[in-house]
Amino acid sequence: FNVVLGGSQDNGTSVQTGTGNREWELFRGADGGDVQAADAGGGDSFRYSSTQNFGLTRHRFDSATNETGTVDLVPVGGLVGYDNFFVPQYELNSVNPSRLVTGGQDDDPAAGPNNPVYELLNANTATGPGDVNWVAVPIGAGFTSVKTMTLRSWSADGWAAWTMKRY
């Protein structure tokens with residue numbers, strides 16, 4: 001649809017009403033965070049929006065502003081050993097849009113190692129919180145928190161080369 005979308009603190013997530021338009025339309029309230037977009041097939045698009053405290057939703061649109069459905073992508077009870085930041089970071093795999101990665105922090109390093117990096121393997125097909133397939137991404141010893149996450153590229157098997165810093 002050649003439109004721009006974005007999240008903004010205290011103002012939700014909005015999208016341009018048409019290519020080049022200066023008018024925007026809100027499609028998700030709360031604190032807007034990271035956004036991602038992908039082709040959904042059949043002329044539709046998926047738009048991923050996030051909110052504070054690990055809110056992640058897939059929206060389906062059949063035009064610039066007509067939303068036809070939403071799916072919550074956060075499992076009931078969250079992810080084991082994972083503590084998100086107030087504004088979570090997400091990256092969608094541009095080669096394989098069924099995969100999405102997020103980085104946070106170990107929820108209790110003193111209790112033993114947990115995992116601050118997770119990948120969702122069925123971002124474009126999950127039907128709800130009970131159907132999401134999140135897996136822990138292997139990390140090195142002593143790695144407890146993602147400070148920055150920049151997607152560099154995806155390999156043929158879908159794994160990314162990330163820039164991640166721990167603190």
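**Stop one: strand 10**

Start by selecting strand 10, which is covered on both faces: Leu-100 and Thr-102 on one side are buried, and so are Val-101 and Gly-103 on the other. Keep in mind that this is a predicted model.

Now bring in the partners. Strand 9 pairs with strand 10 (residues 100–103) in the antiparallel sense, over four bridges. Show Leu-92 and you'll find Leu-100 of strand 10 standing opposite. Glu-91 has Val-101 in strand 10 as its bridge partner. Then turn to strand 12, which runs antiparallel to strand 10 and is joined to it by four bridges. Gly-103 has its bridge partner there, namely Val-117.

**Stop two: the sheet around it**

Which strands make up this sheet, and in what order? Select them as 9-10-12-13: this is an open sheet of four strands with antiparallel pairing. Strand 9 and strand 13 (134–136) are the edges; each has a single partner strand, so one side of each lacks a neighbour in the sheet. From one strand to the next, the twist averages 25°.

For a close-up, take strand 5 with strand 6 (residues 55–61): the two pair antiparallel over seven bridges. Click on Ser-49 and look across to Thr-57, its bridge partner in strand 6.

**Stop four: the core**

Next, show side chains for the largest nonpolar core, which has 20 residues. The members that touch the most others are Tyr-48, Phe-54, Leu-56, Leu-73, Leu-100, Leu-120 and Trp-134. Colour by element and you'll see that strand 4 (35–41), strand 5 (44–51), strand 9 (89–92) and strand 12 (117–120) each give two or more residues to this core.

What does Trp-134 touch, leaving out residues up to four places away in sequence? Its contacts are Phe-54, Leu-56, Leu-73, Pro-75, Leu-79, Leu-100, Thr-102, Tyr-118, Glu-119 and Leu-120. There is also a second, separate core of six residues, including Val-3, Leu-5, Phe-61 and Ala-64.

**Stop five: a loop residue**

Go to the loop between strand 12 and strand 13 and pick Val-132. Is Val-132 buried or exposed? Its relative accessibility is 14%, under the 20% cut-off, so Val-132 counts as buried. Beyond four places in sequence, Val-132 is in contact with Asp-72, Leu-73, Pro-75, Leu-120, Asn-122 and Ala-126.

**Last stop: zoom out**

Show the whole protein chain again: it has zero helices and 15 strands. Of its 167 residues, 46% are buried. Among contacts between residues at least 6 apart in sequence, 41% join residues at least 24 apart.

Conventions
Residues are numbered from 1 along each chain as its sequence is written. This is a predicted model: local features need pLDDT of at least 70, side-chain atom pairs count only at pLDDT 80 or more; totals for chains, interfaces and linings use all residues. Side-chain values use heavy atoms; hydrogens and water are left out. A nonpolar core is a set of buried Ala, Val, Leu, Ile, Met, Phe, Trp, Tyr and Cys residues joined through side-chain atoms within 4.5 Å. Buried means under 20% relative accessible area, exposed over 50%, partly exposed in between (1.4 Å probe, protein chains only). Contact means heavy atoms within 4.5 Å. Two strands pair if DSSP finds at least two bridges between them. Axes are lines fitted to C-alpha atoms, for helices over the stretch in contact, and angles run from 0 to 180 degrees between N-to-C directions.
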